[in-house]
Amino acid sequence: MKHGRKTLLPAVGVLLLLATGCQNTVNTVENADKSAASTTIKDKRFVTDGFLRNRLLLRSVRLAPGASGNMVAEVAATNVRTGFFSELWSSLTGENPYPVDYKFTWQNADGMTVETPLSAWRTVQVIPGETVYFKSVAPTPDCRDFILNVKESE
């Protein structure tokens, strides 16, 4: 029995080192004294997937007129699933990088949806610690609001 423990402990140690060495995370540096004028808007969220909510933290929601006169929406989100155990689990389940699907739906001044061929699901891969920017340009100058849907990729 003692011989089995002697071979098991080094094997577990090697597995832990391999799992730690396979971490794929992002370190970020940014200007602390931002000089860009930002138009952050208040948002309202409807969450049905608590796991996704705890993994992908929505940082900001911005809406501004673009160069063409159409509104531009940008939502910043960070994959906060970092740390040894989260990384180990993500490596075992194949969720690193983490695939996320998103779709923008634009609404005109009357609150009616404006469907275009661009109103389709898109996929983005998010590395732990990485901030991604979901961005969309309104299809017409009449669009004033948007809805962003985010879900885990299947």
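Colleague: Which strands form the open sheet, and in what order?
Modeller: Three strands, in the order S1-S2-S6, with antiparallel pairing. Strands here are DSSP runs of E with at least two residues, numbered from the N terminus, and two strands pair if DSSP finds at least two bridges between them. S1 and S6 are at the edges with a single partner strand each, so one side of each has no neighbour in the sheet. On average, neighbouring strands of this sheet are turned by 15° against each other, direction ignored; the axes behind such angles are lines fitted to C-alpha atoms, and angles between N-to-C directions run from 0 to 180 degrees.

Colleague: Before I go on, what sort of model is this?
Modeller: It is a predicted model, where local features need pLDDT of at least 70 and side-chain atom pairs count only at pLDDT 80 or more, while totals for chains, interfaces and linings use all residues. Residues are numbered from 1 along each chain as its sequence is written, and side-chain values use heavy atoms, with hydrogens and water left out.

Colleague: Thanks. How many bridges join S1 and S2?
Modeller: S1 and S2 pair over 9 bridges, in the antiparallel sense, and Leu57 stands opposite Thr78 in S2. Their hairpin has 5 residues between the strands, and Gly69 there takes a positive phi near 100°.

Colleague: And S2 with S6, how many there?
Modeller: That antiparallel pairing of S2 and S6 runs over 7 bridges. Ala76 faces Tyr133 in S6.

Colleague: Is S2 mostly covered or mostly open?
Modeller: Mostly covered: 9 of its 9 residues are buried. Buried means under 20% relative accessible area, exposed means over 50%, and partly exposed is in between, using a 1.4 Å probe and protein chains only. Met71, Ala73, Val75, Ala77 and Asn79 point one way from S2, whereas Val72, Glu74, Ala76 and Thr78 point the other way.

Colleague: What about Asn79, buried or exposed?
Modeller: Asn79 is buried, with a relative accessible area of 1%. A polar atom of the Asn79 side chain lies 3.3 Å from the backbone oxygen of Val126. Leaving aside neighbours within four places in sequence, Asn79 is in contact (heavy atoms within 4.5 Å) with residues including Arg55, Leu56, Tyr98 and Val126.

Colleague: New topic: which residues touch the most other members of the largest nonpolar core?
Modeller: Leu56, Phe104, Trp106, Phe134 and Phe146, out of 20 residues in that core. S3 gives the most to this core, with 5 residues. Such a core is a set of buried Ala, Val, Leu, Ile, Met, Phe, Trp, Tyr and Cys residues joined through side-chain atoms within 4.5 Å.

Conventions
Helix = DSSP H or I, 4+ residues; strand = E, 2+ residues; numbered from the N terminus. Polar contact = N/O pair within 3.5 Å; in protein donor to acceptor, adjacent residues only side chain to side chain.
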